[in-house]
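The structure is shown first for reference.

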Amino acid sequence: TMDMDVDEAEHSLEMHCPYIVQATAASRNANAASSSTYPTLVPVMVGSLGAHAEARYGALFAPYLDDPSNVFVISSDFCHWGSRFRYTPV
């Protein structure tokens with residue numbers, strides 16, 4: 001779990017969503033008649049891990065990674081732009 005301040009400051013999913021929408025546009029347009037045109041998103045945020053926790057996550061995600069119908073978007077520090085991150089280039 002994370003405290004409210006960390007949760008409110010978290011921005012990775014909202015930074016990825018525009019790219020996910022664009023990347024899935026062709027598939028969504030081809031399946032426009034379906035009841036749900038957007039893929040199911042399952043956000044997972046993981047911090048610094050030790051070897052044991054890495055192995056547990058690996059075992060947990062292995063079946064999903066092995067299924068070609070799933071897509072994973074994995075990133076680290078995707079965007080740190082703006083006064084909130086003390087980065088405002090001129």
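**Note on the predicted chain**

1. Leu41 is partly exposed, with a relative accessible area of 41%; this class lies between buried, under 20%, and exposed, over 50% (1.4 Å probe, protein chains only). Leu41 sits in the loop between α3 (25–30) and α4. Apart from neighbours within four places in sequence, Leu41 is in contact with Cys17 and Ile20, contact being heavy atoms within 4.5 Å. Cys17 is 24 residues away from Leu41 along the chain, and 9.5 Å separates their C-alpha atoms.

2. The model is predicted: local features need pLDDT of at least 70 and side-chain atom pairs pLDDT 80 or more, while totals for chains, interfaces and linings use all residues. Residues are numbered from 1 along each chain as its sequence is written, and side-chain values use heavy atoms, with hydrogens and water left out.

3. The chain holds four helices and zero strands, in the order α-α-α-α from the N terminus. Helices (H or I, at least four residues) and strands (E, at least two) are DSSP runs, numbered from the N terminus. Of the 90 residues in the chain, 8% are buried. Taking contacts between residues at least 6 apart in sequence, 49% join residues at least 24 apart.

4. The accessible surface of the chain is about 7,800 Å², and carbon and sulfur atoms account for 57% of that area. Areas come from the Shrake-Rupley method with a 1.4 Å probe; for residues, only the protein chains shown count as cover.

5. Tyr64, Leu65, Phe72 and Ile74 make a nonpolar surface patch of about 450 Å². Patch residues have over 30% relative accessible area and no salt bridge; nonpolar side chains (Val, Leu, Ile, Met, Phe, Trp, Tyr) are joined within 5 Å, like charges within 9 Å. A salt bridge is a side-chain nitrogen of Lys or Arg within 4 Å of a carboxyl oxygen of Asp or Glu. Phe72, in the segment after α4 (51–66), is partly exposed at 34% relative accessible area.

6. Asp3, Asp5, Asp7 and Glu8 form a negative surface patch. Asp and Glu count as negative, Lys and Arg as positive, and His and the chain ends are not counted; each charge is placed at NZ of Lys, CZ of Arg, CG of Asp or CD of Glu. Asp3 lies in the segment before α1 (4–9) and is partly exposed, with a relative accessible area of 47%.
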